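Student: I would like to go through this model term by term. Please set each value against its definition.

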Amino acid sequence: MSLTSSAWIFLNILLLLPLVTPVSTASHAIPINGTCHDTCGTIPIKFPFGTGFGCGHPDFARYIKCSSGTLQFSTGTGIYTISSIDYPSSTIFVTDPLMSTCSSMQNSGSFSLDRASPFTITEDDIFVLLGCSTTSPVFDLDEELCDTGSGSRICRGLYSCKGVSGIGLPQNAPISTCCVYESPRGLGSGYALDLPKLQCSSYTSISGFGDDAGDPMQWKFGISLQYNDSYSSDKCKDCEASGGLCGFAGLDQSFACICRNGVNSSNNCLGRGFAWSGTVGLKIQMEMVLGGCFGSYTRLTEVKRYRLH
């Protein structure tokens, strides 16, 4: 083959590469390696969770994602940071940046759980409404929505914090505007804490009292959510045992095993070869094209055959 002919073929291949490459990458119905990870920041990610769309179980993908190394939980009322996942107890711990704590109190947004979500409020959570109007429905004696027993101690502790000034109250204000809210108990998914409707300025959730229950600065503030752990399957376990990550693909969101080398499978990653995609695939294409132009025409034929495979 003459140099002129080789140069002509090389030029045409360069022009065709942008058109051919999308055909190959479009065949990946789920994200390739680089999108799904087994960690997000310092948090290990295991099924049914995933780090992005196509990763983990589809019922969780709409609520959980990894953004810039931060694992996030989304509901209709906002996006919250997941600080930890306890897999043995099937619990995630989330924090609301607008939720009040002893050191910082502020007007909060509402908090809700979608009825269809696989998450429920745990019994460990103690929700406290702060700065409520005296006409708030939570104080309706017929409803018994506030814990007036041990709840009074919690309210006194919170109102002793200097941060209470952030919601317009003096330190050690009367606890008549505070309510340890009983409503979350047993409601599961579909729970909504609607502060405007309840006529309260702020809320907090206490998941533990630390080493000193009398010192609210030692209390652990945040929301513990139980998740449904019945999504595991033998197919997913087989995928993970082969080094893959469990995910889903297609309009029917069917199971897919996402292999670390970029190949996606319907079962596991055993015996899966290298997938040509992205910059690595382009590098191999160029090496083979150059070989075809300045070496043998057979190399050029290989490029066409593999790209159309």
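Student: What makes you say that helix α5 lies across β15 and β16, and at what angle does α5 run to β16?

Tutor: This is a predicted model, in which local features need pLDDT of at least 70 and side-chain atom pairs count only at pLDDT 80 or more, while totals for chains, interfaces and linings use all residues. Residues are numbered from 1 along each chain as its sequence is written, and side-chain values use heavy atoms, with hydrogens and water left out. Helix α5 covers residues 234–241 and runs at about 15 degrees to β16. Axes are lines fitted to C-alpha atoms, for helices over the stretch in contact (heavy atoms within 4.5 Å), and angles run from 0 to 180 degrees between N-to-C directions. Helices (H or I, at least four residues) and strands (E, at least two) are DSSP runs, numbered from the N terminus.

Student: How do you know that β15 and β16 pair?

Tutor: Two strands pair if DSSP finds at least two bridges between them. β15 and β16 (residues 254–258) have five bridges, in the antiparallel sense, so they meet the definition.

Student: Why are β15 and β17 called edges?

Tutor: The open sheet has three strands in the order β15-β16-β17, with antiparallel pairing. β15 (245–249) and β17 (264–265) each have a single partner strand, so one side of each is left without a neighbour in the sheet.

Student: Why is the pair of F127 and Y203 called stacked?

Tutor: Rings of Phe, Tyr and Trp (its six-membered ring) pair if their centres lie within 6.5 Å; planes under 30 degrees apart count as stacked, over 60 as edge-to-face and the rest as tilted. F127 and Y203 have ring centres 6.2 Å apart and planes at 15 degrees, so the pair is stacked. F127 is in strand β9 and Y203 in strand β12 (residues 200–208), 76 residues apart. Both F127 and Y203 are buried (under 20% relative accessible area, with exposed over 50% and partly exposed in between, 1.4 Å probe, protein chains only).

Student: What makes a set of residues a nonpolar core, and how many residues has the largest?

Tutor: A core is a set of buried Ala, Val, Leu, Ile, Met, Phe, Trp, Tyr and Cys residues joined through side-chain atoms within 4.5 Å. The largest has 56 residues, and F73, F119 and L129 have the most contacts inside it. Strand β9 (residues 126–132) gives the most to this core, with six residues.
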